[in-house]
Amino acid sequence: MTDTAVKQRRPTYAVNVTAAAAALGLLAFAADFVHGVAGHVMDALTSSGFAWGLAAVLAGRYADTTRRAVTGATGLLFLATVLYYVLILLVSRRWSGATLADGSSANMAGLRSVAVMTAVSSPGFDGELVSWFLGVR
C-alpha cells in the first residue's frame, strides 16, 4: 500500500453558483403555491430579500478572488431571478390573459414594459436598450 492520495474532482465554483441559483429560483417559485403557515415560512426562507442577500453573500464568501466573488454573487441573483420569472411566465402563466383596449393580448406589452424598466434602471444606462426594445432606431 502506498500513501498516495487520490485527487477527487470537486464541482467548480460556477457549477455550485448555478446550482444554488436554480435551487433558490425553484424554491421561491414553489413557495408561491404553498398556503397557510407553511407558506409563510417558505416565503420567509426563499422569497425574502434577506434570504436572497444571504445567498449572494455566501456565494461571494466561498470565492477564491474578489472578482469571482462579485461575479458569482451577481450571477447567482441574476440566474435565480431569471429562472423565477421564466417559471411564472411558462408554468403558472399568472401574467397571461389580460387584453388591451383594442382587444389584443397584453402579454407582450407587459413583458416589454418590464424589460424597458429593467434596462432603464440598470447601471450604465445609455438609452440604447430602450430604443432597441421599443423598435426605435
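The following legends describe close-up views of a predicted model.

**View 1. Overall architecture of the protein chain, an arrangement of six helices.** The predicted model contains six helices and zero strands. Along the sequence, these elements follow one another in the pattern α-α-α-α-α-α. Of the 137 residues in the protein chain, 20% are buried. The accessible surface of the protein chain amounts to about 10100 Å², and carbon and sulfur atoms contribute 66% of this area. When contacts between residues at least 6 apart in sequence are considered, 45% of them connect residues at least 24 apart.

**View 2. Packing of helix α1 against helix α4.** Two packed helices are described by the angle between their axes and the distance between the axes. Helix α1 spans residues 13-31 and helix α4 spans residues 66-92. Their packing angle is about 35°, and the two axes lie 8 Å apart. The crossing formed by α1 and α4 is right-handed. In the contact of α1 with α4, 19 residues are nonpolar, four are polar and one is charged.

**View 3. Helix α3 and its buried residues.** Helix α3 covers residues 49-61 and comprises 13 residues. From its first C-alpha to its last, α3 reaches 18 Å, close to the 18 Å expected at 1.5 Å a residue. The buried residues of α3 are Ala51, Trp52, Ala56, Ala59 and Gly60. The elements that cover these buried residues include α1, α2 and α4, with α2 running over residues 36-46.

**View 4. Leucine 54 in helix α3.** Is leucine 54 buried or partly exposed? Leucine 54 counts as partly exposed because its relative accessible area is 40%, which falls between the limits of 20% for buried and 50% for exposed residues. Leucine 54 and alanine 73 are separated by 19 residues in sequence. In space, the distance between leucine 54 and alanine 73 is 9.8 Å, C-alpha to C-alpha.

**View 5. Valine 34 in the loop between α1 and α2.** The relative accessibility of valine 34 is 28%, so this residue is classed as partly exposed. Which residues does valine 34 touch, when residues up to four places away in sequence are not counted? The contacts of valine 34 on this basis are with Gly39 and Met42.

View 6. Leaving out residues up to four places away in sequence, aspartate 43 touches Ala31, Asp32 and Ser48. Aspartate 43 and alanine 28 are 15 residues apart along the chain, and their C-alpha atoms are separated by 7.1 Å.

Key: Residues numbered from 1 in each chain as written. Predicted model: local features only at pLDDT ≥ 70, side-chain atom pairs only at ≥ 80, totals over all residues. Heavy atoms only, no water. Helix = DSSP H or I, 4+ residues; strand = E, 2+ residues; numbered from the N terminus. Buried < 20%, exposed > 50% of the residue type's maximum accessible area, 1.4 Å probe, protein only. Contact = heavy atoms within 4.5 Å. Areas by Shrake-Rupley, 256 points an atom, 1.4 Å probe, with all protein chains shown as cover. Axes fitted to C-alpha atoms, helices over the stretch in contact; angles between N-to-C directions. Left-handed = near helix turned anticlockwise from the far one by under 90°. Nonpolar A, V, L, I, M, F, W, Y, C, P; charged D, E, K, R; others polar. Expected span 1.5 Å × (residues − 1).
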